[in-house]
Amino acid sequence: EWGQLKQDLRSTVGASNYKNWIEPLDYVGVTDGIAVFHVPTSFMGNYVSQNFGDRILYQINQMSSDVRRVQFKVPANAPRRPTRTAPQPEAAAARQEDDMLIPTAPLDERFTFETFVVGKPNELAHAAAKRVAEGGPVTFNPLFLYGGVGLGKTHLMHAIAWELQENRPELNVVYLSAEQFMYRFVQALRDRKMMDFKQMFRSVDVLMVDDVQFIAGKESTQEEFFHTFNALVDQNKQIIISGDRAPGEIKNLEERIKSRLQCGLVVDLHPTDYELRLGILQSKVDRYRAQYPDLDMADGVLEFLAHRISTNVRVLEGALTRLFAFASLVKQEVTLELTQDCLADVLRASERKISIEEIQRRVAEHYNIRLSEMIGPKRLRNFARPRQVAMYLCKQLTSRSLPEIGRRFGGRDHTTVMHGVKRIDELRIQDAQIAEDLEILRRTLES
Ligand code: ADP
Ligand code: MG
């Protein structure tokens, strides 16, 4: 009757979920009201339990009413992948006999290393992620990935989880957002299941928590997170955390957590540059070709998009998806005109240009000097350095020419601007304070 049940499930979960998650389940039988299934890996058990457990139980109950629970186990003597002959350590084998209670969040099938395009702005983060995904001995703990919205943090974390599942299927890999962590913590408190909760998270081999800034200001959740974190680090278990900014810059996060997060490797995903955007667009187009085989695209369209659309990759992808859907509907070649028509609103939105005045004002505020002092003639270092920082940001964030920028800084010469920009470019590497100032200013200006 499992055969029949499977067929019913196929229609409710969809073909691809069915193939990936339901089909490989091996029905064992019912004992004491628990329907037991064998799964090839603990990771898969977690996933199925989390995502389809209720549905499977429901379907079973349609046929028989004495099943109260479903359980997914890795069989004790499960044949490993063909190439894997090393015996399992006892601890791992024993744990696989336990209930699969660890709540990992669903992983997006599209977020793998294969689909992640590497460029200058993300190469370090990518390399670090790759390293962790090998599943070798823990070398840095935690790995902290940070960067603005839509720059690939979640993508990289999912990619790590997928690859670990390949490389080390016996490991208990848990991925969840900080929000889900909090939700489960609160639920455990409410249901008086804190012991279970603690035990659950402390038996994880690799813990990934996405968007950690979410727990800032939430005191008891932070507290519990801190303990979980320490317990795992003590056991030399790998932890991977993401945030929207560097640990030290997350407001309302406890100092001891900040310093813990800084202990490992902290890498940031920089805003995408033109080359990376173009690379991402090209790889997406290659994949779209399968979906829209008859679609023609004029030269220059991708270059146009890479130039004109913001650094957020999600926005870029959304634009491309819409463009292709539209072109295939109207059965036209994707030309520049079609692109401009179809994406008029997106293009307008990403046109919000940062003005020279805005930069001058923000930089003056940041360094606590007057706007008149920034633009004025004085060469005192207290004014000159902020002035150069502002010039640098004008060059980076606006499309104004050097002479134009010079004019707006009290009629200075373009060589003065060029000198200032060069100076800051050097300091950016040598002087951590300047680097941090630039980072903060860029963020406030771009938000
Ligand atoms: P974040 O978590 O940093 O906000 P995501 O990881 O959700 O960003 O990425 C947003 C979208 O952009 C996703 O669809 C992701 O696949 C895509 N994306 C981001 N960076 C890249 C990249 N380097 N290559 C391919 N796709 C990317
Ligand atoms: Mg994310």
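Now go to Asn 368. Asn 368, again not a glycine, has a positive phi of about 60°. Its loop connects helix H16 (356-367) with helix H17 (371-375). With 8 other C-beta atoms within 10 Å, Asn 368 is exposed.

For another backbone feature, select Asn 141 and Pro 142. The peptide bond joining them is cis, with omega about -5°. Pro 142 sits in the loop between helix H5 (123-134) and strand E4 (143-147).

Next, show ligand 1 and the residues around it. The shell has 17 residues, and the closest are Gly 152, Lys 153, Thr 154, His 155 and Val 313. At least two residues of this shell come from helix H6 (153-167), and at least two from helix H13 (313-330). By type, the shell holds seven nonpolar, seven polar and three charged residues.

The largest nonpolar core has 79 residues; Ile 160, Ala 161, Tyr 175, Met 208 and Leu 305 are the members that touch the most others. Centre on Tyr 175. Leaving aside residues up to four places away in sequence, Tyr 175 touches Thr 104, Ala 105, Leu 107, Met 157, His 158, Ala 161 and Met 208. Another core, of 17 residues, lies apart from the largest one; Ile 356, Ile 359, Met 391 and Val 417 are among its members.

Finally, colour by pLDDT. The protein averages 87, and 93% of the residues score at least 70. Strand E7 (residues 238-243) has the highest confidence, at 98, and helix H4 (residues 90-97) the lowest, at a mean of 40. Select residues 79-101: pLDDT is below 50 over this stretch, which has 19 contacts in the model beyond near neighbours in sequence. Where pLDDT is low, predicted coordinates should not be read in detail. For the complex, the predictor gives an ipTM of 0.99 and a pTM of 0.64.

Key: Residues are numbered from 1 along each chain as its sequence is written. Chains are lettered from A and ligands numbered from 1 in the order in which they are written. This is a predicted model: local features need pLDDT of at least 70, side-chain atom pairs count only at pLDDT 80 or more; totals for chains, interfaces and linings use all residues. pLDDT is the predictor's confidence in each residue, from 0 to 100. Helices (H or I, at least four residues) and strands (E, at least two) are DSSP runs, numbered from the N terminus. Two residues are in contact if their C-beta atoms, placed from the backbone, lie within 7 Å. A residue is near a molecule or strand if its C-beta atom, placed from the backbone, lies within 6 Å of it. Ala, Val, Leu, Ile, Met, Phe, Trp, Tyr, Cys and Pro count as nonpolar, Asp, Glu, Lys and Arg as charged, and the others, Gly among them, as polar. A nonpolar core is a set of buried Ala, Val, Leu, Ile, Met, Phe, Trp, Tyr and Cys residues joined through C-beta atoms within 7 Å. A residue is buried if 20 or more other C-beta atoms lie within 10 Å of its own, exposed if 12 or fewer, and partly exposed in between; C-beta atoms are placed from the backbone.
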